[in-house]
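Morning, everyone. Let's walk through one model, starting with its sheet and ending at its ligand.

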Amino acid sequence: MLTADTPLRFLKGVGPARADKLVETGIETVEDLLYVLPFRWEDRRAFSRIADLRPGGAETTLDVTVDSARLIRTRRRGFTIFHAVLKDGSGTIKAVFYNQPFLQRVFTPGRRVVVFGRATLDRYGKEVILENPDHEGLDDADAEGIHTGRIVPVYRKLADLSSRMQRLLIWRALELLDPATLHDTVPRKTLARQSLPGRLDALREVHFPPAETSLRALVEHHTPGQRALAFEEIFLLQLALAMRRREVERERRVGTYVLDDALRRKLAALLPFKLTAAQQRVLKEIGEDLRSPHPMNRLLQGDVGSGKTIVALMALLVAVENGYQGALMAPTEILAEQHWRNVGRLLAAKGADYRVELLTGSMKSARRRSVLEGLATGGAHLVVGTHALFEKGVLFKRLGMVVVDEQHRFGVLQRAALASKGSRPDVLVMTATPIPRSLALTLYGDLDLSTIDELPPGRTPITTVVRAEADREKVYTGIRKEIAAGHQVYVVVPLVEETEKSDLKAATAFAAHLQEAVFPDLKVGLLHGKMKSDEKERTMARFTSGELHVLVATTVVEVGVDVPNASVMVVEHAERFGLAQLHQLRGRVGRGAARSYCVLMVGEGEGFGVARERLEIMTQTNDGFRISERDLELRGPGAVFGTQQHGMTDLQFLADVLRDSRLLETARDEARLLVNLEGDAGAERLLATLRPSWRRRLGLAGVG
Ligand code: ADP
Ligand code: MG
């Protein structure tokens, strides 16, 4: 028998090496494995017959034997076509695969294979074929009831496990698990009230749906098991958030602030422009927080360019004017430096004498020491920096307010860590990733929410177009025209990993190519995350000053970089970016009065049509909310907010919950009810029983 806590290396078929790989992805125990859920299901309850296939019909599953197979190399270099002729009792059909030569090892003649797809006519309109069908080789040893003859789960690739292997392992785990060891986390009474099954039944059902399950219900995430798992996730998260909220309500601000008309006038005199109505409204909301006895905990969201920075600065200055220090944390050094320069410039222009310091990880130690001293003695009023601000050894005399810019880069954990720095400061987190309200309430239920829903006047909307390789010359001509008119251009290149050498080389080579072959008469610069910080700063300064005409950059320019003279943003391989990210990138232009353009270059190849369709919304709207919602629909919140890398709550079901706000609300109500009935102690007891992986997922680790 296995228990929920049994390490996976004790599950037959895993072994130590594979177990290590799984641990790297955060999957250590049987329970962890059971929570790796299928991303879709295939109906293999009944197989179609080849003889019955009609082109353009529904997707079907075939149980076939490989008759013959052939790999064809085409004249286009590196391009291959793989043909497999498949047969069942009723006839034969050809399956065609592009650029997947390794399929030779799957479709070996004589082997039994299950394929899943839609029949189409070949490009001559003659033969009925299957194009790139899903497939799975069957072996004699296969237990029939697992991989065929049922609705089968299909999993995303995990470590070195195929979907098929995962299916087998999960089947085994469910068979061998001692049910008593997988306790329900949601109280029985709550489950009963909502007519939801317990955890184990829910997991069983989601992995191996019973024969009578409607496939449609599965796809729409409406089965009882799916609802139960989603409910559990939201319920626990809401409980954790409710607890944190109560904690915050018990906390007291370091001191009381005076925010009277005299101070208001003094701060208003520093403004370089008239605030928009939305900015004024948000400042008022913040002002109310600052007058309450409890510390502020506010999320400020506003589309790129909506003017969040000035609002944050005003809030920080309230703290400073009351004798406290303020800190502004940015996600990258480039952005920290830019904020620091802008704040300094703005204050200097109005003759305000605040001491504003910069603190980043790569600063030289002498400079760093002097900054640290200023913070410790209180000589420095404001500090702008990266997360280096909240490392050990950074001490503040009287830290009153922390502003975190571009929150989606920071996790719940970091938020808690910085809140615990010194006495309890006010915290304002800002994000330009517009989060639909339902999601914001779920992820940030412990924060109050303010929104700047209006852009400053005088902005010209950005024109966005999708372009293919064939249009490249025209795009270059357009760039030249803009530069001749005195503007500047960003060219963003994708990096899979900022550390990946081959990608960096590609970016470097592309910049060199643009400089030498395309724009020899212009100045082209390169900016990427691996550059030394002073190098980055120099390049940014050359671009800001107008010396560079074209800046080739990785997504380090994504967040917040502000060069109003830049009027064109070209994104190479736009298909590799998420929509929300493209919107952030696009926000780098259209910051001045000039007409601005965003050109999304899409690489040629099979995916062109699909990519174009996905990017279409970018050409239709500049509204970050609409784009973000579309992105959520297409990719789910994990991908949109980059949860894995950034340690934000890693909720698997949120996408579905978004579609079903009723479930979200009932889970929230039930969590509140529990806190009301059983008090904090009850909620704490429940949360304390959560396993580490759950605590991680909920962002509870190190917080509670
Ligand atoms: P974001 O919300 O993306 O951080 P910023 O704070 O960087 O936006 O503001 C974008 C630009 O708009 C900056 O150049 C800023 O000076 C300018 N700006 C902000 N508020 C106003 C306003 N009320 N009127 C005119 N310009 C403004
Ligand atoms: Mg900003």
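Two strands pair if DSSP finds at least two bridges between them. Helices (H or I, at least four residues) and strands (E, at least two) are DSSP runs, numbered from the N terminus. This is a predicted model: local features need pLDDT of at least 70, side-chain atom pairs count only at pLDDT 80 or more, and totals for chains, interfaces and linings use all residues. Residues are numbered from 1 along each chain as its sequence is written, chains are lettered from A and ligands numbered from 1 in the order written, and side-chain values use heavy atoms, with hydrogens and water left out.

Strand 19 pairs with strand 20 (residues 550–553) over 4 bridges. There, L527 has A553 as its bridge partner.

Now helix 8, residues 224–250. Why does the span of its 27 residues agree with expectation? At 1.5 Å a residue it should span 39 Å, and its end C-alpha atoms are 38 Å apart. The expected span is 1.5 Å times one less than the number of residues. Of the 27 residues, 20 are buried (under 20% relative accessible area, 1.4 Å probe, protein chains only).

Last, ligand 1. It is surrounded by 16 residues, with Q279, G305, K308, T309 and R459 the closest (a heavy atom within 4 Å). A backbone N or O atom of G305 sits 2.6 Å from a ligand oxygen. For the K308 side chain, an N or O atom is 2.7 Å from an oxygen of ligand 1.

How values were computed. Buried means under 20% relative accessible area, exposed over 50%, partly exposed in between (1.4 Å probe, protein chains only). A polar contact is a pair of N or O atoms within 3.5 Å; within protein, one must be able to donate a hydrogen and the other to accept it, and residues adjacent in sequence count only if both atoms are side-chain atoms.
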